[in-house]
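Here is a short tour of a ligand site and a helix pair. Have a look at the model first, and then read on.

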Amino acid sequence: MSDRTLIVIKPDAVKRGLVGQILSRFEAKGFIIKELRMIQLSKEKAEEFYSVHKGKPFFKDLVDFITSGPVVAAILEGRNAIEAVRIMIGSTDASKAPPGSIRGDYSLGLTDNSIHASDSLESFQRETKALDLI
Ligand code: CMP
């Protein structure tokens, strides 16, 4: 159990003006926003951020997409943060994410699935470092 996690609101959701709505869901749930930053990722930073997916067939599309516009990164603090936030965002393939989850309510995509959240303490540490957040 970790009390902090990282979320990244992806370029599709930023372009559609969903930043406020998405952040307000986490605040309403009880999370505290500890860091908040809009970032334009370089190709190098994006590859570091998604390094666990290097070599997978979707890696290039993923890097192209995440660098296609600014993202909004936030560190959230609250009880059992990593697991609770993963439940709130819904499954990776947004077409299968249930209504009420963030991906379920705002997206149909797989690469363009509106939001990323760390899936482990190790990912949280690597991802926040790649984004120069800590
Ligand atoms: P995310 O939580 O940001 O972590 C890795 C991302 O890769 C994932 O969300 C998806 O947006 C993207 N992706 C694209 N294709 C796939 C796939 N076939 N399986 C898993 N993730 C994929």
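An oxygen atom of the ligand sits 3.2 Å from a polar backbone atom of Thr-111. This is one of the polar contacts (pairs of N or O atoms within 3.5 Å) listed here:

| Residue | Atom in the residue | Ligand atom | Distance |
|---|---|---|---|
| Tyr-50 | polar side-chain atom | oxygen | 2.6 Å |
| Arg-103 | side-chain N or O atom | oxygen | 3.1 Å |
| Thr-111 | polar backbone atom | oxygen | 3.2 Å |

The model is predicted, with local features needing pLDDT of at least 70 and side-chain atom pairs counting only at pLDDT 80 or more, while totals for chains, interfaces and linings use all residues. Residues are numbered from 1 along each chain as its sequence is written, and side-chain values use heavy atoms, leaving out hydrogens and water.

Around the ligand (a heavy atom within 4 Å) are residues including Lys-10, His-53, Phe-58, Leu-62, Thr-92 and His-116.

Now for the helices (DSSP runs of H or I, at least four residues). The axes of H2 (residues 19-29) and H5 (residues 81-89), lines fitted to C-alpha atoms over the stretch in contact, come within 12 Å and cross at roughly 130°. Arg-25, Phe-26 and Lys-29 of H2 meet Val-85, Met-88 and Ile-89 of H5, where contact means heavy atoms within 4.5 Å. These residues comprise four nonpolar, no polar and two charged.

Note on methods: Axes fitted to C-alpha atoms, helices over the stretch in contact; angles between N-to-C directions. Helix = DSSP H or I, 4+ residues; strand = E, 2+ residues; numbered from the N terminus. Nonpolar A, V, L, I, M, F, W, Y, C, P; charged D, E, K, R; others polar. Polar contact = N/O pair within 3.5 Å; in protein donor to acceptor, adjacent residues only side chain to side chain.
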